[in-house]
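Student: I am new to this structure. Please go through the terms used for it and show how each value leads to its label.

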Amino acid sequence: MDTGIFSRQPASEPVTTTEVIAVALTLAWVVAVGAFFMMTGGMASDRNVLTAVMTLLAVFLPIAMIWVAALTARTVRGLREEAARLQAAVDGLRAAYVQQSQANALGLRPTVERKLDEIAAAQRQTESALATFSSRRDHTRVIPSADRKAALTLAPAAPGEDQPALALGTPAEAFHPPIPVSDFIRALNFPDSVDDKDGFRALRSALEDRDLARLIRAAQDVLTLLSQDGIYMDDLKPDRARTEVWRRFAQGERGQTIAALGGVRDRSSLALTAGRMRSDPIFRDAAHHFLRQFDKTLVSFEKIASDQDLADLAETRTARAFMLFGRVTGTFD
């Protein structure tokens, strides 16, 4: 089985050109030494031991040097081959790391980022469906369920502010029924997964209201921008503020009495958000637009919301983003 750069390398050649040259030089030297002794009559018997040793060294030292050079060349060649294999292994590991990083970036994105993509796709589908259908199936309910008792009706925008009124002065919002409070809160939390049918139904219902749709899209924009810095609302655990503090803020009170709304304590998220607010004008404009939309919606919602409704609102991802941006911009100071 081929295992690429990690497979067993083929054995080196048993005899290489270097060894052949070394053998040839050795034979040539032996022949030359033999010829020399034949012409000189061999080693004289009257020579002392030291002279004999020096003669042997003169004969065999060149042969030893020839084979040392041959072995050195073979070792260098082996080291070069090993270096090439190591370089190939490093290149392979680097390529595998890049591929894994790309796979993580494309296929293993954080959960909230996937949720936001799914929400954006659902919004596009909803807008297409609204152009075709004029009603929803749940309009046919005769007996409302317990979570549909109350309905949220926002104050109408001034005529001509965003879109012209219909003929005879009838606003477009008059054709849509008020959204239940439970659906309003569920829509601001966004669906938890693609299987969250109630979440998508609530989101579609909220998008039919022009004012709520502006808030939801503003929230989606800032959540997407925050996710680019690795900031996700599910990771934030803000301190809970009492519902009366939310009511005071909605009624226009500012200062120390509503400081508890800035309950986000995550230093990393606060620092990253504050830094990007200073350096990124698009991020800053999106944040201020979101704060205005949330403040405007909260003013209307507080008038009809119970304490439990406000507590549930504070647990949504949209409210957590509001607390984060409010803390960074000094809204609660």
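Tutor: A contact means heavy atoms within 4.5 Å. Among contacts in the chain between residues at least 6 apart in sequence, 78% join residues at least 24 apart. This is a predicted model, in which local features need pLDDT of at least 70 and side-chain atom pairs count only at pLDDT 80 or more, while totals for chains, interfaces and linings use all residues. Residues are numbered from 1 along each chain as its sequence is written, and side-chain values use heavy atoms, with hydrogens and water left out.

Student: What makes Arg201 and Asp183 a salt bridge?

Tutor: A salt bridge is a side-chain nitrogen of Lys or Arg within 4 Å of a carboxyl oxygen of Asp or Glu. The closest N and O atoms of Arg201 and Asp183 are 2.9 Å apart, so the pair meets the cut-off of 4 Å. Arg201 belongs to helix H5 (residues 197-207) and Asp183 to helix H4 (residues 181-189), so the bridge ties together parts 18 residues apart in sequence. By this rule the count comes to 17 salt bridges.

Student: Why is Arg201 called buried?

Tutor: Buried means under 20% relative accessible area, exposed over 50%, and partly exposed in between (1.4 Å probe, protein chains only). Arg201 has 16% relative accessibility, so this residue counts as buried. Asp183, at 0%, counts as buried too. Buried residues make up 34% of the 333 residues in the chain.

Student: Which residues are linked with Arg201 in a network of salt bridges?

Tutor: Asp183 and Arg186 are linked with Arg201 in that network.

Student: How do you know that Asp307 forms a salt bridge with Arg247?

Tutor: The closest N and O atoms of Asp307 and Arg247 are 3.0 Å apart, so this pair also meets the cut-off of 4 Å. Asp307 lies in helix H10 (residues 307-314) and Arg247 in helix H7, so the pair ties together parts 60 residues apart in sequence.

Student: Is Asp307 buried, exposed or partly exposed, and why?

Tutor: Asp307 has 45% relative accessibility, so the residue counts as partly exposed. Arg247, with a relative accessible area of 18%, is buried.

Note on methods: Helix = DSSP H or I, 4+ residues; strand = E, 2+ residues; numbered from the N terminus.
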